[in-house]
Amino acid sequence: MSLGPRLEFRQTQSLVMTPQLMQAIKLLQLSNLDLVAYVEAELERNPLLERQSEPEGERTGTGEGEGDAGAVRERTSDADLDPRAEAAGERDVRDERDGRDERVSDWLEERLDTSRSAIEDRLDTSMENVFPDDTGREPVAPMPSSEAPAYSEWTGAGGGGQDGEGYNLEAFVSAEISLADHLEAQLVLAVSDPVERLIGLNLIDLIDEAGYLSADLAGVAERLGAPLATVEKVLAVVQTFDPPGIGARSLAECLAIQLRERNRYDPCMAALLAHLELLARREFTTLKRVCGVDDEDLAEMVGEIRRLNPKPGLAFGSGIIQPVVPDVFVRGATDNWLVELNSETLPRVLVNQAYYARVQKITRNEREKAFLSDCMQTATWLTRSLDQRARTILKVATEIVRQQDAFLSLGVQHLRPLNLRIVADAIGMHESTVSRVTSNKYMATPRGIFEMKYFFSSSISSSDGGEAHSAESVRFRIKQMIEAESPDDVLSDDTLVQRLREAGIDIARRTVAKYREAMRIPSSVQRRREKQAAAAAG
């Protein structure tokens, strides 16, 4: 076998993941909020990009026939604008270089009488009634630049007079109060000892957003160098604060605090709180024996517990709830659905070609030329990618509506089984592209707002050889049957399987149990106990 160098020509095809292709794929799967943030970052970084919503006259270099970039029209004096012409919507610009006389408005030539008597005649009152609290001797010192108003200087809050006048009441009323601020305000009134107040502030900082204290009191006492009894004493004071149940270390303690507030905490209720796991499993027979009560008393106690708040701290929400903004709107009626994009979620950007042409003429070195070329390439790619993204979303949404028209017309029970391959083959795209398009995208339909992934569900074969059923429609059927059951006829999983097969759905018992647990529906034994207890109480 001889080894030697040689030249060969080969022609092959390969998919190269360029940076632009990778960014286009990332852009396709972004939600509308992430897309807006990405476009805002590109607008700040790239000088050739601009928003389409800006007025044409305010864009730099977008008008045709404009002069050089440095040719800026300036006013020759403060009297360039005639108020009478401006009121009529016209602008009269005077230029001394053209040899025309500069005219001054009549109202500037008028001299106002600033005497005390003339001012009092115009105001129809005396000078003492205008500013009674202002002597005019000591001017108000401007606020240093390092100092900021208490709230917003645009609303006037914190920027009132020295006597407390001029504050914006709405700014104080609408200010959101956090859970920690609410508890600290009560701590100041309830505890006067500085040491205990310091311990209380530390305990409040350790309370989570649900209102529970998860820290160990022994560790808190060791860290603060205070006796454990003092820490427990301060915690007992904090647990009396509003909302009831705050500062608890367990669910049972949280419920006990609220029951004490309502004067409903007795030995029977204490025994019930000590066996909450039995209540979760609906073992009412065992609970009656442990608590020493009958059916009616137990039902009343359970109803009392259900009226309590297991997470009292959530009344002071710390986060802003962002509503779902649909990407696609579906309107119309049966067999005539109109699918359109939500224009509010589509960022509109343009490439400023005129500005690019001007700057290109004054580039001085290769570095500036390379930067300008890179900005132009990125801007062009972004505008094309946004347009392609919108077209792809519309195409996928239209096919989904065509496939699930029965759901839009008749309801969830008529949702058809659908997968990515069916949609991809129908529109001539790859499955991965359809998957990226439907991620974090929402569709507003006459039946509500749904994520696009909702319309894709696995199929369950039919028992009579007919059309397959969607898994989501089967879940809906199971939920409907369980909600319609009576206390004397609670449906077991085997009974549900039998009824579903009678309806033409071939499903296994373990699948029914899996769907039931996913919908957080208890077992038939637990449902029977709960319904019997509710019937006995009623």
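Is Asp 493 buried or exposed? At 9% relative accessibility, Asp 493 counts as buried, where buried means under 20% relative accessible area, exposed means over 50%, and partly exposed lies in between, with a 1.4 Å probe and protein chains only.

The model is predicted, so that local features need a pLDDT of at least 70 and side-chain atom pairs count only at pLDDT 80 or more, while totals for chains, interfaces and linings use all residues. Residues are numbered from 1 along each chain as its sequence is written, and side-chain values use heavy atoms, with hydrogens and water left out.

The pLDDT, which is the predictor's confidence in each residue on a scale from 0 to 100, averages 78 for the chain, and 75% of the residues score at least 70. Over residues 54–110 the pLDDT is below 50, although this stretch has 48 contacts in the model beyond near neighbours in sequence, a contact being heavy atoms within 4.5 Å. Residues 130–164 likewise have a pLDDT below 50, with 25 contacts beyond near neighbours in sequence. Where pLDDT is low, the predicted coordinates should not be read in detail.

Side chains of opposite charge can pair when their charged atoms come close. A search of the whole structure finds 24 salt bridges, each defined as a side-chain nitrogen of Lys or Arg within 4 Å of a carboxyl oxygen of Asp or Glu.

One of these joins Asp 493 to Arg 516, with the closest N and O atoms 3.2 Å apart. This pair links distant parts of the chain, since Asp 493 belongs to helix α22 (residues 493–502) and Arg 516 to helix α23 (residues 509–518), 23 residues apart; helices here are DSSP runs of H or I with at least four residues, numbered from the N terminus. Arg 516 is buried, with a relative accessible area of 6%.

Helices α23 and α22 are also linked by Arg 509 and Asp 494, which lie 15 residues apart in the chain and form a salt bridge whose closest N and O atoms are 3.0 Å apart. Arg 509 is partly exposed at a relative accessible area of 45%, and Asp 494 is partly exposed at 48%.

Elsewhere, Arg 331 forms a salt bridge with Glu 340, the closest N and O atoms being 1.8 Å apart in the model. Arg 331 counts as partly exposed at 39% relative accessibility, and Glu 340 counts as partly exposed at 31%. Finally, a network of salt bridges links Arg 262, Arg 264, Glu 304 and Arg 307.

Key: Helix = DSSP H or I, 4+ residues; strand = E, 2+ residues; numbered from the N terminus.
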